[in-house]
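Please read the points below alongside the model. They take the sheets, the helix packing, the chain contact and some backbone details in turn.

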Amino acid sequence: MTEVTLSKVVKKYGQHQAVHGIDLDIQDGEFVVLVGPSGCGKSTTLRMIAGLEDISGGDVTIGGRVVNDLPPRERNISMVFQNYALYPHMTVRENLGFSLKIAKRPEQEIVKAVDEAAGILGLDELMDRKPAALSGGQRQRVAMGRAIVRHPDVFLFDEPLSNLDAKLRTQMRVEIKKLHQKVESTIIYVTHDQVEAMTLADRIVLMRDGHIVQVGTPLELFNRPVDTFVATFIGSPPMNLVDGVVQGETIVLNGSISVPLPVTAGPLTNGQAVKFGFRADNLMPIGHAVEEEGAVHELDLSVTLTEPLGTETLLFTNLAGVEVQAKMFNPRPVTPGEQLQFRLMLDKCHVFDAKSGQAVRG
Amino acid sequence: MDRNQSHRNRRRVLKTLHLTALFLTMMIICIPGLWIVLNSFRPTVEIMAKPPVWVPSFTLDHYRAMFAGAGEGGVPVFSYFRNSLIVSVTSTLIAILIGMSGGYAFARYRFKGKNGYFVGLMLFRAVPGVALSLPLFIVFAKVGIIDTHFGLILAYVAMNVPFTIWLTDGFFRQIPKELHEAAEIDGCTRWQAFWQVEFPVARSGVASAAIFAFLTSWNEFALASQLTRSVGSKTMPVGLLDFTAEFTINWGGMCALAVLMIVPALILTFIVQKHLIAGLTFGGVKG
Ligand SMILES: Nc1ncnc2c1ncn2[C@@H]1O[C@H](COP(=O)(O)OP(=O)(O)O)[C@@H](O)[C@H]1O
Ligand SMILES: [Mg+2]
């Protein structure tokens, strides 16, 4: 059983505070992704779990044991680094077996474990090469192999795919997910890429400026963002946000267009300044929409730009003076300037307080 | 067509110029060395001849004389060689150990006054060794380590450490810190991580630093000539002075001893040249 818990964990670099007392419970076997913009403290948090960085305050527990003062080698974790950090003077085989050699395991056991890891990651052909003679994707595999050879309690990944090209990244993403299904260890994975977070995570931890903003399953973060930051960070394209003012049962957007209040919205006062949010998927031209239950509001908007993606086309239009994106399913060619009738799925819309950015939800 | 032709011509001319310049430079570097080797095999008359004799004759007289007894113009070559070897090897080993630790600390750790220390070390390099010979002589004489291997080793270690620190600092700096972090996660202590991973990766750099330190000690003359007197501690460069008398200089003998001095240095350089080149073109570490 290897739960990982952080309680009130703080990291200070001199005067600068990089992590502001975060609390997090990670279950045994869970795949947790720390995601957030660059510089928000993801790596620092991960490195404190690994023992590569001192903890300025709070406690880190791995498997029920407080590890604050334990060196990395006593935490039974393994880590995959962004630049792979393969030992350049060793062959792939030696790289894979290094941890077992240091642990003075018997020779046959090392050979067996190394061959097994090589089999899982398809490295058999490369065993006698040095890292310099490997491609980026192959190095990535070796780095992962080195991590799994020891059967650690927890895997830590720090942006392992960001040095790969787009296609390879998608491929490796799938492999990492398969790997998790196979080894069933706890995985803590750091990335700045929300797509990676959405596709890999059992649970996403979204961070900003050294704080945790929201923790939840990918769908929770996608469907119920706690504030505008989460709403625009998760999902592609980012959620459309339009300023508005509450007036009775409607929201007046930028003083021009009014839309009914979504039923999901929480208590709002008359005259409250809000941000009205909806995803491109929930604004669709009539005739090219996904049929869904729920309240609908119809709007006439003219298209300014199109981005065909194959199964759907992104339409850029102008709503109350703000550029917003809509999605056209089963697309037909659209010329810029064309006027279309759109359906806005009101049940999927979000209302955020304009000042705090917090979601107002019933 | 014409364009291509003229382009090709220009490239050919440039290449010729390039090779000529290289040849001249190499000649300037190599001819003195070559002249020493040639002179060590020529009779004294020929060495001194004016105009020079272009077709050399061959004799081993100078070598024979050098290895002969003390009364017959011989010098204690073996003692000098032994002294040089002891002093150079020991001082290099110590300088590398100290310098490597220092270089590693500068590259990896943060501590107060780091930049100050570093600049201080480099300033120390700016002081010419000879300027220190008199103060060193007095201090060494007072302490009683004048004319000993120990004294000379001490002086050479002090001379070589700053340079070694500077050189190895550069090499360690180029090794990503993730390498020792990965090793520590793989179960190493910091000490093991250094010896198992960082040292082997920086091996070429350390080897280059060692060669530089060794050659500096091996060839050093100014300090050694002040700090050593007797056959028991004089190194080979100081031994060359044995061939100077009040009014004459035995050029042939001097060249012969110089050749004996150059040969080990050359052999050593050849042995480690692979590392030297790798060390100088460091940076292929990114793994
Ligand atoms: N060694 C360090 N010294 C000082 N500040 C640091 C150090 N490492 C990271 N920081 C700061 O801590 C913050 C978080 O960094 P990091 O955890 O690397 O962010 P990221 O989420 O991009 O991985 C950043 O503002 C960064 O500048
Ligand atoms: Mg980072």
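1. Chain A contains an open sheet of six strands with mixed pairing, in the order S6-S7-S8-S3-S9-S10. Strands and helices here are DSSP runs (E, at least two residues, for strands; H or I, at least four, for helices), numbered from the N terminus. Two strands pair if DSSP finds at least two bridges between them. Strand S6 (77–80) and strand S10 (211–216) of chain A stand at the edges with a single partner strand each, so one side of each has no neighbour in the sheet. Neighbouring strands are turned against each other by 15° on average, direction ignored.

2. The model is predicted: local features need pLDDT of at least 70 and side-chain atom pairs count only at pLDDT 80 or more, while totals for chains, interfaces and linings use all residues. Residues are numbered from 1 along each chain as its sequence is written, chains are lettered from A and ligands numbered from 1 in the order in which they are written, and side-chain values use heavy atoms, with hydrogens and water left out.

3. Opposite Val33(A) stands Tyr189(A) in S8(A). Helix H4 (residues 136–148) of chain A packs on this sheet, touching S6 and strand S7 (154–158) of chain A, and its direction makes about 175° with that of S6(A). Contact means heavy atoms within 4.5 Å. Axes are lines fitted to C-alpha atoms, for helices over the stretch in contact, and angles run from 0 to 180 degrees between N-to-C directions.

4. A second sheet of chain A is open, has five strands in the order S13-S12-S11-S14-S20, and is antiparallel in its pairing. Its edge strands are strand S13 (257–260) and S20 of chain A, each of which pairs on one side only. The twist from one strand to the next averages 40°.

5. Which strands of chain A does S14(A) pair with in the antiparallel sense? One is strand S11 (residues 240–247) of chain A, joined to strand S14 (residues 273–278) of chain A by six bridges. Along this pair, Val245(A) has Ala273(A) as its bridge partner, and Asn240(A) stands opposite Phe278(A). The other is strand S20 (residues 350–353) of chain A, joined to S14(A) by four bridges. There, Val274(A) is partnered by Asp353(A).

6. Helix H2 (residues 92–102) and helix H3 (residues 107–121) of chain A have axes that come within 9 Å and cross at roughly 130°. H2(A) and H3(A) are therefore oblique to each other (angles under 35 degrees count as roughly parallel, over 145 as roughly antiparallel, 65 to 115 as roughly perpendicular and the rest as oblique). The crossing is right-handed, a term used if the near helix is turned clockwise from the far one by less than a right angle. H2(A) contributes Arg93(A), Leu96(A), Gly97(A), Leu100(A) and Lys101(A) to the contact, and H3(A) contributes Ile110(A), Ala113(A), Val114(A), Asp115(A) and Ala118(A). By class, this contact has six nonpolar, one polar and three charged residues. Ala, Val, Leu, Ile, Met, Phe, Trp, Tyr, Cys and Pro count as nonpolar, Asp, Glu, Lys and Arg as charged, and the others, Gly among them, as polar.

7. In chain B, helix H4 (residues 77–108) and helix H7 (residues 149–173) pack at an angle of about 35°, with their axes 6 Å apart. The crossing of H4(B) and H7(B) is right-handed. Their contact has 17 nonpolar, ten polar and three charged residues.

8. How many residues does the contact take from chain A and from chain B? It takes 24 residues from chain A and 21 residues from chain B. The two chains bury about 2,000 Å² between them, 62% of it on carbon and sulfur atoms. Buried area is the accessible area (1.4 Å probe) that two parts lose on being put together, summed over both. Arg73(A), His89(A) and Ile102(A) supply 27% of the area that chain A buries against chain B, more than any other three residues.

9. Some backbone details deserve a check. Ser236(A) and Pro237(A) are joined by a cis peptide bond, with omega about -5°; Pro237(A) lies in the loop between helix H8 (228–233) and S11 of chain A. Lys50(B) and Pro51(B) are also joined by a cis peptide bond, with omega about -5°; Pro51(B) is in the loop between helix H2 (44–48) and helix H3 (61–67) of chain B. Lys8(A), in strand S1 (residues 4–13) of chain A, has a positive phi of about 50° although it is not a glycine.
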